[in-house]
Amino acid sequence: MKKVLIDCDPGIDDALALALVAGSPSLDVVGVTTVGGNVDLPLTTANALALREFLELGDVPVTPGSAGALLRETVRAARVHGTTGLGGVVLPAPSRGPSDGHAVDFIVDTLKAAPGEITLVAVGPLTNIALAVRREPRVVEWARDLVIMGGSFTRGNHNPAAEFNMLADPEAAAIVFDAGWTVKMLGLDVTLTAMVTADVLDRMRPLGKLAELLVPAAQFYGVVTADGGPAIHDACAVAYVLDPSLFTCVPAMVNVETAGRYTRGMTVTDFKVTSQDTNALVATSMDVKGFWELVLGAYEGLAGRLG
């Protein structure tokens with residue numbers, strides 16, 4: 001069993017990533033923390049609570065965290081994820097509320113209680129993770145690993161230079177990359193290859209209750225065709241935890257641009273550095289067929305339990 005703590009901003013692809021978590025018996029979810037990102041914090045938290053019950057994640061605590069960026073104006077992606085954050089998906093209202101306290105305290109306390117055991121998986125803006133590092137620098141040592149969906153060594157998606165999670169709080173991202181651990185970065189260069197094709201959608205349709213989440217979520221981003229469709233970015237970070245061999249990763253030095261007029265949020269990635277000068281392991285390619293076999297297999301197993 002691999003223990004994971006999921007920091008997220010649900011979000012369509014966050015929902016699909018949480019479904020992968022729920023469908024993976026080898027993962028032990030110790031908690032879900034939420035951050036303002038794709039939509040505002042009250043919505044990301046409400047979505048996480050609804051997903052906890054819909055996906056039958058049991059008593060996994062859901063703890064809300066930071067509502068906005070450390071220094072910058074709010075950046076949201078409702079035009080991509082819809083006004084609720086879950087596109088066309090309508091889930092039953094959750095019967096239980098969030099845990100008391102703040103996500104930053106939960107992250108610090110949880111890692112402290114089990115040093116070296118828990119992998120942080122961050123698939124939203126890195127505000128909570130940065131504040132945890134600032135509050136207690138030893139989280140860098142206590143975390144077994146840090147895996148993020150974010151950044152790119154080529155181009156952005158929210159603007160030409162920056163990927164959304166980095167642009168939403170570049171100062172937080174800079175703190176995280178400079179903290180002294182090796183960030184496993186699953187950026188747009190690989191996540192954009194995780195496209196929902198017609199064949200993938202056909203395997204989702206028969207999945208009963210789970211299909212009520214998967215099918216409308218997968219189609220909300222864009223048109224699904226035989227050759228391509230919308231990408232489910234955040235699931236790539238979970239897939240890396242489950243099977244790193246699906247990804248080709250290269251050591252690099254990643255610096256986050258915080259001052260550029262046109263490049264703020266850009267992850268400036270240098271692969272031509274010595275091993276002692278790196279701060280990240282950057283995914284450069286992915287076994288797409290293997291990725292979908294992993295993801296769809298997990299979804300099919302989960303669907304069998306959900307009915």
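1. A pocket here is an open set of points on a 1 Å grid over the protein atoms alone, with protein on both sides within 12 Å along at least five of seven lines. Points are joined across faces, edges and corners, and the volume is the space filled by probe spheres set on them. Keep in mind that this is a predicted model, where local features need pLDDT of at least 70 and side-chain atom pairs count only at pLDDT 80 or more, while totals for chains, interfaces and linings use all residues. Numbering runs from 1 along each chain as its sequence is written, and side-chain values use heavy atoms, with hydrogens and water left out.

2. Who lines that pocket? The lining has 21 residues, and V80, H81, N157, Y221 and H233 lie nearest the centre; a lining residue has an atom within 4 Å of a point. Helix α3 (78-81) and α7 each supply at least two of the lining residues, with α3 giving the largest share, three residues. Helices are DSSP runs of H or I with at least four residues, strands are E runs of at least two, and both are numbered from the N terminus.

3. There is also one cavity of 30 Å³ or more, a cavity being a set of points where a 1.4 Å probe fits but cannot get out. The largest cavity has a volume of about 40 Å³. Its lining includes G68, A69, T127 and D169.

4. T127 deserves a click, as one of the residues lining the largest cavity. T127 sits in helix α5 (residues 127-135) and counts as buried because its relative accessibility is 3%, with buried meaning under 20%, exposed over 50% and partly exposed in between (1.4 Å probe, protein chains only). Its side chain makes a polar contact with the side chain of D169 at 2.7 Å. That term means a pair of N or O atoms within 3.5 Å; within protein, one must be able to donate a hydrogen and the other to accept it, and residues adjacent in sequence count only if both atoms are side-chain atoms. Setting aside residues up to four places away in sequence, T127 touches V35, S66, G68, A69, L70, D169 and A172, where contact is heavy atoms within 4.5 Å.

5. Now α8 (residues 170-177): eight of its eight residues are buried, so the helix is largely enclosed by the rest of the structure. Those buried residues pack against α5, β5 (145-149), α7 (164-168), β6 (183-186), β7 (247-256) and β9 (280-286).

6. On aromatics, the structure holds three pairs. F153 and F271 are edge-to-face, at 5.3 Å centre to centre and 80° between the planes. The rule wants ring centres of Phe, Tyr or Trp (its six-membered ring) within 6.5 Å; planes under 30 degrees apart are stacked, over 60 edge-to-face, and the rest tilted. This pair bridges distant parts of the chain, 118 residues apart: F153 is in the loop between β5 and α7, F271 in the loop between β8 (267-270) and β9. F153 counts as partly exposed at 29% relative accessibility, and F271 does too at 30%.

7. Another edge-to-face pair is F291 with W292, at 5.1 Å and 75°. Buried or exposed, F291? F291 is buried, with a relative accessible area of 0%, and W292 counts as buried at 6%.
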